[in-house]
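Biologist: I'd like to learn how to read a few features off a model like this one. Can we go through them together?
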Amino acid sequence: MLNYNLFKAILTAVALTVCAVPAKAQFAVCNQSFDVINVAIGHEVRGQIRTRGWWKIGPNQCSNAIRDALTTPRVYVFAQDVFGKELLNGSFPLCVRPNRFSEDIQTDCLVRGFLEADFLEVDTQGTERWTLFVSAQPE
């Protein structure tokens, strides 16, 4: 017969395992191309757009770019393959850097040592979760 404290510990462990809910992505980007892609994201934080990057996403893989529930109706996405070819037809200019970055100011990118990239504006239709699928652009 099991010791009462051991039984209670096992029951607690089982309950925690069963009740544990995996974290769900609130804005995910999935790569449907045959190459690794690099992705930068822009979204509104405290009234201004913040850009962040980079997520390296392998073929047929997804990455959770924004983990919090979406609170604004738009997310901005820039994606390029490992050869530097842009994969989205964006027209919303925002600041990026070649290396990992997080930036709140989106004006005078070049003067401040950033590059300017044309982000795709994604209308998330007011939902809390959204997944964007990126595929290779035809030649």
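Biologist: Let's start with one side chain: is Tyr 76 buried or exposed?

Modeller: Keep in mind that this is a predicted model. Buried means under 20% relative accessible area. Tyr 76 comes out at 8%, so it counts as buried.

Biologist: And which ring is Tyr 76 paired with, and how is the pair arranged?

Modeller: You look at two things, the distance between ring centres and the angle between the planes; planes under 30 degrees apart count as stacked. Tyr 76 pairs with Phe 92: the centres are 4.4 Å apart and the planes are at 25°, so the pair is stacked. Tyr 76 lies in strand S5 and Phe 92 in strand S6 (residues 92-96), so the pair ties together parts that are 16 residues apart in sequence.

Biologist: How many aromatic pairs does a search of the whole structure find?

Modeller: Four aromatic pairs turn up. One of them is Trp 54 with Phe 78, an edge-to-face pair with 6.1 Å centre to centre and 65° between the planes. Planes over 60 degrees apart get that label. This pair links distant parts of the chain, as Trp 54 is in strand S3 and Phe 78 in strand S5 (residues 74-81), 24 residues apart. Both Trp 54 and Phe 78 are buried.

Biologist: Which residues do ring pairs link into a cluster?

Modeller: Trp 54, Phe 78, Phe 101 and Phe 119 are linked that way.

Biologist: Now the backbone. What kind of peptide bond joins Gly 53 and Trp 54?

Modeller: First the general idea: most peptide bonds are trans, and most residues other than glycine have a negative phi. The bond between Gly 53 and Trp 54 is cis, with omega about 5°. Trp 54 sits in strand S3 (residues 48-57).

Biologist: And what is the phi of Asn 60?

Modeller: Asn 60 has a positive phi of about 55°, although it is not a glycine. You'll find Asn 60 in the loop between S3 and S4, and it is exposed, with a relative accessible area of 64%. Asp 108 is another case, a residue other than glycine with a positive phi near 50°. Asp 108 belongs to the loop between strand S7 (101-103) and strand S8 (115-123). With 54% relative accessibility, Asp 108 counts as exposed.

Biologist: Last one: what volume does the largest pocket have?

Modeller: The largest pocket has a volume of about 210 Å³. It is lined by 13 residues, and the closest to its centre are His 43, Val 45, Ile 66, Asp 68 and Ala 69. Strand S2 (37-45) and S4 are the elements that give two or more residues to this lining.

Biologist: How do the lining residues divide by type?

Modeller: The lining of the largest pocket has five nonpolar, four polar and four charged residues.

Key
Residues numbered from 1 in each chain as written. Predicted model: local features only at pLDDT ≥ 70, side-chain atom pairs only at ≥ 80, totals over all residues. Heavy atoms only, no water. Helix = DSSP H or I, 4+ residues; strand = E, 2+ residues; numbered from the N terminus. Buried < 20%, exposed > 50% of the residue type's maximum accessible area, 1.4 Å probe, protein only. 1 Å grid on protein atoms, 1.4 Å probe; cavity = no way out; pocket = protein on both sides within 12 Å on 5 of 7 lines; lining within 4 Å. Points joined across faces, edges and corners; volume = space filled by probe spheres on them. Nonpolar A, V, L, I, M, F, W, Y, C, P; charged D, E, K, R; others polar. Phe/Tyr/Trp six-rings, centres within 6.5 Å; stacked < 30°, edge-to-face > 60°.
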